Amino acid sequence: MLIAKIIENDQLIQATQASNSEIYYCPGCKARVQLKKGNINIPHFAHINGSNCDVSAEGETVNHLQGKLALFTLLKQKYDEVRLEPWLSQIKQRPDLMVRKGKDWFVIEFQCATISLEKVRARTKGYRQLNYKVIWILGENYQNKRLQARTIAKFAIIYQQQLQVAFWQPTKGIVWQAWWQIDGKSRVLKRQMMANQPQQLLKLQQAVMQSKPEIWPIQNELYKIKRLVIGIPWECHPQYSLPGGLKVAQWQVIIRVLLT
Ligand SMILES: [Zn+2]
C-alpha cells in the first residue's frame, strides 16, 4: 500500500514522503506497517508480520503500485479532488482511489490480479451502500490475453452510451474499449437492422410447439397475467441487436425486463 498513518498525529502519509525514522500503521487494521524503499519497487508500506488484514492488498505487485500512483497523478489533472487509498470505515473497505467531480464521488479500483465475481460483487455492494459508482480499470495482465465474455461482464459499465471496459496503459493512460472491440466482434451499428421480426416470431412459435425448456419459465409468468408467449409485444422482437454478447435469445431478455 502507498498510504499509512503516523502514530503521533494520526495523519496520513504517502510512502514517497515517508522516512524510516517514523512509526507507521495501517489505516484499516491499525497494525504496524513497515516502510519499504528499495531499488526495484517504488516506496510502499507492508504489514510487518504476515497480517490477515483484509484491506491491505499485501503482495501488491510492482505493476499495481506503479500503476496506482500513475493513475493518481493523471486523475489529479482531470478531477476536482483525488484520494489515494482512502479508508472507508463504514464499510471497512479501502479502494485504490476515489475521485470527485463536482458533488459526485467515484471509486476507482485498479485491478491487476484475477478476482472472483463474488469479490467484485461484494466490493461493489459496499460502495453502493455509500452511493459511490465504481470504475474498474484493468491492468496489464488483462491485456496480454483474450478476455472471456464473463470477464468483460464483470468489469464493463455503460460509458458514453456504450458497454465498455477501462484499461490502464502506461504510455496512453486510461483506454476505454467497447465490448465488441475486446470480443473481436464487429460493431452493431444503429443502421444494421435485422428487419426479420416475422421470422423471429415464427421461430418462437416453433419453439412453443416443440415445448423447448427455455420457454416454460416465461410461459408460466405470462399465464399469471393471462398472456401467451406467442402474443408478446413486437418490442420483444427487436429490429436491432442488443450489445453485450447475450447467451439467450433477445426476446427472453426483453420480456423479462417488461415483466419486471
Ligand atoms: Zn491492515
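Reader: Why is N131 called exposed?

Author: The model is a predicted one, in which local features need pLDDT of at least 70 and side-chain atom pairs count only at pLDDT 80 or more, while totals for chains, interfaces and linings use all residues. Residues are numbered from 1 along each chain as its sequence is written, and side-chain values use heavy atoms, with hydrogens and water left out. A residue is buried under 20% relative accessible area, exposed over 50%, and partly exposed in between (1.4 Å probe, protein chains only). N131 has a relative accessible area of 70% and is therefore exposed.

Reader: What makes S211 partly exposed?

Author: The relative accessible area of S211 is 39%, so S211 is classed as partly exposed. S211 belongs to the loop between α5 (197–209) and α6. Its phi is near 50°, again a positive value in a residue other than glycine.

Reader: How do you know that E235 and N144 belong to the exposed class?

Author: E235 has 56% relative accessibility and therefore counts as exposed. N144, at 62%, counts as exposed by the same rule. E235 is in the loop between α6 and α7 (250–259), whereas N144 is in the loop between β9 and α3. From E235 to L147 the C-alpha separation is 32 Å, at 88 residues apart in sequence. From N144 to K154 it is 18 Å, at 10 residues apart in sequence.

Reader: Are K68 and E85 buried or exposed?

Author: K68 has a relative accessible area of 0% and is therefore buried. E85, at 2%, also counts as buried.

Reader: Which other salt bridge does E85 form?

Author: The side chains of R94 and E85 meet in a salt bridge, at 3.5 Å from N to O. Both R94 and E85 are buried. K68, E85, R94 and D96 are linked in a network of salt bridges. The structure holds 7 salt bridges.

Reader: What makes the salt bridge of R100 and E81 a tie between separate parts of the chain?

Author: R100 and E81 form a salt bridge whose closest N and O atoms are 2.8 Å apart. R100 lies in strand β7 and E81 in strand β6, so the pair joins parts that are 19 residues apart in sequence. With a relative accessible area of 22%, R100 is partly exposed, and E81, with 26%, is partly exposed as well.

Reader: Why can W216, Y223, L228 and I230 be called a nonpolar surface patch?

Author: A patch is made of residues with over 30% relative accessible area and no salt bridge; like charges are joined within 9 Å, and nonpolar side chains (Val, Leu, Ile, Met, Phe, Trp, Tyr) within 5 Å. Accessible areas come from the Shrake-Rupley method with a 1.4 Å probe, and for residues only the protein chains shown count as cover. The patch formed by W216, Y223, L228 and I230 has an area of about 390 Å². One of its members, Y223, is in helix α6 (residues 215–224). Y223 has a relative accessible area of 43% and is therefore partly exposed.

Reader: Which residues of the second largest pocket's lining lie nearest its centre, and how many of the lining residues are nonpolar?

Author: A pocket is an open set of points on a 1 Å grid over the protein atoms alone, where a 1.4 Å probe fits, with protein on both sides within 12 Å along at least five of seven lines; lining residues have an atom within 4 Å of a point. The second largest pocket is lined by 26 residues, and K133, V134, I135, W136 and I157 lie nearest its centre. By class the lining has 18 nonpolar, 1 polar and 7 charged residues; Ala, Val, Leu, Ile, Met, Phe, Trp, Tyr, Cys and Pro count as nonpolar, Asp, Glu, Lys and Arg as charged, and the others, Gly among them, as polar.

Note on methods. Salt bridge = Lys/Arg side-chain N within 4 Å of Asp/Glu carboxyl O. Helix = DSSP H or I, 4+ residues; strand = E, 2+ residues; numbered from the N terminus.
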